[in-house]
Amino acid sequence: MSDPDKLPLLPPARRSFLEKAAPWLFIAPSLLLLLAIGLYPMIYTVYNSLQNFVMGMGPPVFNGGTNYITAITSQNFQNSVLRTLVLLVITLPVELVLGMMIALALDSQHSPFLRRLLQICLVIPIAITPAVIGLLTQLMFNEQLGVINYLLGRIGISPVDWLGSPTSAFATVVCVQIWEWTPFVALVLSAALSTVPPEVDEAALLETERWWPRFSAIRLPFMLPGITAALVFQTAFTMKAFDMIYAIQKGGPGSATEVAIIHIERLAFRGFDIGVASAQSILMLVLSIVLARTYIRLFYREVDG
Amino acid sequence: MSPQTADAIKRFLHAAGIVVVLVMILFPLYWMVAGSLKTQPELFAIPPHWTWAPTLDAYREAIADSGVLRALGNSLIVTLSAVALGLVVGVPAAYGIARYSFRGRREIWFWYVTNWMLVPVVVLIPFYLTAARLHMINNPLTLIAVYQIFIIPLVVWLMVDQFRSVPVALEEAAQLDGLNRFQIFLRISLPLVTPGLAVSAVLSGIFAWNDLLYAFILTPGDEVRTAPTIALSYLGGYTIPWPKVMATSTLVTAPVIIGGIAIHKYVARGLTMGAVK
């Protein structure tokens, strides 16, 4: 994270009241807005999570931490969190490895035109509407009429019922998630790779011709902040994934692709159980904060110091 | 193997690898646009027709369906208003953070970044309850407000970066000329960061335009629903008019793809709140 304390500052000017209030006048509008739409709702969610609150079933009643016990012991919630974590554990390493390969390919001296083209095209999966990605997935992964099975058939693989069975539906979500987010990881890693000073790289080349030691001992340490950023942000994006997965088949078949956010959305707006859904949201929030802090501890100690 | 051959192989593998990635990225896009120019039987022909007489029927159908145009219009209004609001409150904040040292600056900064990473349901449920009480469900203003959760952090981050690159000497000179801080901000610094304004507007606009979850819950009504929601609305029927779905999808995604390409250099830096260069 960029450190605001290292920014160049204006020297203190005439110490009028207006001067002293100036920073706060600049910041106040956004601060008030974010307090109203960011902090207040969060406090409201904490409050709701402590109430027995089912929409249409009378006024909310305080019930201690019961909702949290209901949430933690709910089989469906456990499964949806587990699914989210499995999605994370499978996609993250794949995205990192593929993203690193793409970043290294962009870093090479060969084929400048192709590299330029790739740099531009990498932004497409990030910018394209996730709901549309979901629709395209439905069309392309169709068992009988989809182009994916047709292409697989050409290389002798028999048709897969991608969307029909629970396991393959989850595998489809994994594939599409990797398609959607590998370019983001690649762009972040590519930016991180460009922070390796060329003279250090060249000095290492004099030391050894072999690629791996140069990569792991010289480039990787320089890239650690970038890798941490990719992990932290990609984890946040995966934890809050909803649009694309929902558009494929609303968490189905059954609950095969029902990730945590889809589960909570369903509980709150189809099951009307605001109390327990709020408790589950808070638990997800805590989980994502814990994951982000763990990465920063593991990979990027300086930040905490 | 001679060094020349080894080098030639390396070059070939490098180019081939890039081409494979390009095909993986672009093929779904091609399939969407191609599908929008086909008829239903053609779209599902096996083996697929790689050449065909393109037809605009699907687009005519989509545009004739008043829902699609209205949804695109709604998305445009919501996105432009949300971005405008985000810029109006976010840009001064970025200036304040970039140019002043004050207590709580660091905390405010980290809190803004946290909002960008927030799990959306934490905000969505209370927003829904509050909006319902205020009779603001199906009101575009509700969406415009809730999108500030991610627009303000994006704008503030990108603009702090921009204001940092304005030489302090320039502002000091203006100070000597008797301009106060607010005049300096408006007349000296702001004109110098217009490229940054455009980038943060486009980047935050992409996320506002693409949102499904908030729009799905807060503005579900026929009159007010947004583009990503309308794209999904066909799925209820018994037979899905796929060419029309693909035509709608193409119309929905065209602005964000063009916008994304226009600012592709800043995407990694913007989305990671400046954690990478």
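Across the interface of chain B and chain A there are 0 salt bridges, a salt bridge being a side-chain nitrogen of Lys or Arg within 4 Å of a carboxyl oxygen of Asp or Glu. This is a predicted model, in which local features need pLDDT of at least 70 and side-chain atom pairs count only at pLDDT 80 or more, while totals for chains, interfaces and linings use all residues. Residues are numbered from 1 along each chain as its sequence is written, chains are lettered from A and ligands numbered from 1 in the order in which they are written, and side-chain values use heavy atoms, with hydrogens and water left out.

**Interface of chain B and chain A**

- The area buried between chain B and chain A is about 9700 Å², and carbon and sulfur atoms give 79% of it; buried area is the accessible area (1.4 Å probe) that two parts lose on being put together, summed over both.
- Helix H1 (residues 3-36) of chain B gives the largest share of the side of chain B that touches chain A, namely 16 residues, where helices (H or I, at least four residues) are DSSP runs numbered from the N terminus.
- By class, that side of chain B has 81 nonpolar, 14 polar and 14 charged residues, with Ala, Val, Leu, Ile, Met, Phe, Trp, Tyr, Cys and Pro counted as nonpolar, Asp, Glu, Lys and Arg as charged, and the others, Gly among them, as polar.
- The contact (heavy atoms within 4.5 Å) takes 109 residues from chain B and 102 residues from chain A.

**Largest pocket**

- The largest pocket has a volume of about 1800 Å³; on a 1 Å grid over the protein atoms alone, a pocket is an open set of points with protein on both sides within 12 Å along at least five of seven lines, whereas a cavity is a set of points where a 1.4 Å probe fits but cannot get out.
- Grid points are joined across faces, edges and corners, and a volume is the space filled by probe spheres set on the points.
- The pocket is lined by 44 residues, of which A:Met101, A:Ile102, A:Ala105, B:Gly17 and B:Val21 lie nearest its centre, and a lining residue has an atom within 4 Å of a point.
- H1 of chain B supplies the largest share of this lining, 13 residues, and the lining of the largest pocket divides into 31 nonpolar, 7 polar and 6 charged residues.

**Cavities**

- The count comes to 4 cavities of 30 Å³ or more, and the largest cavity has a volume of about 560 Å³.
- Of the 25 residues that line the largest cavity, A:Pro130, A:Trp181, A:Lys240, A:Asp243 and B:Phe207 lie nearest its centre, and the lining divides into 18 nonpolar, 3 polar and 4 charged residues.
- The second largest cavity holds about 40 Å³ of space, and its lining includes A:Leu145, A:Gly146 and A:Val147 together with B:Trp31, B:Lys38 and B:Ile46.

**Backbone features**

- A cis peptide bond with omega of about 0° joins A:Gly252 and A:Pro253, and A:Pro253 is found in the loop between H11 and helix H12 (260-269) of chain A.
- The peptide bond from B:Ile46 to B:Pro47 is also cis, with omega near -5°, and B:Pro47 is found in the loop between helix H2 (40-43) and helix H3 (57-64) of chain B.
- A:Phe272, although not a glycine, has a positive phi of about 60°, and its place is in the loop between H12 and helix H13 (274-299) of chain A.

Key:
Helices (H or I, at least four residues) and strands (E, at least two) are DSSP runs, numbered from the N terminus.
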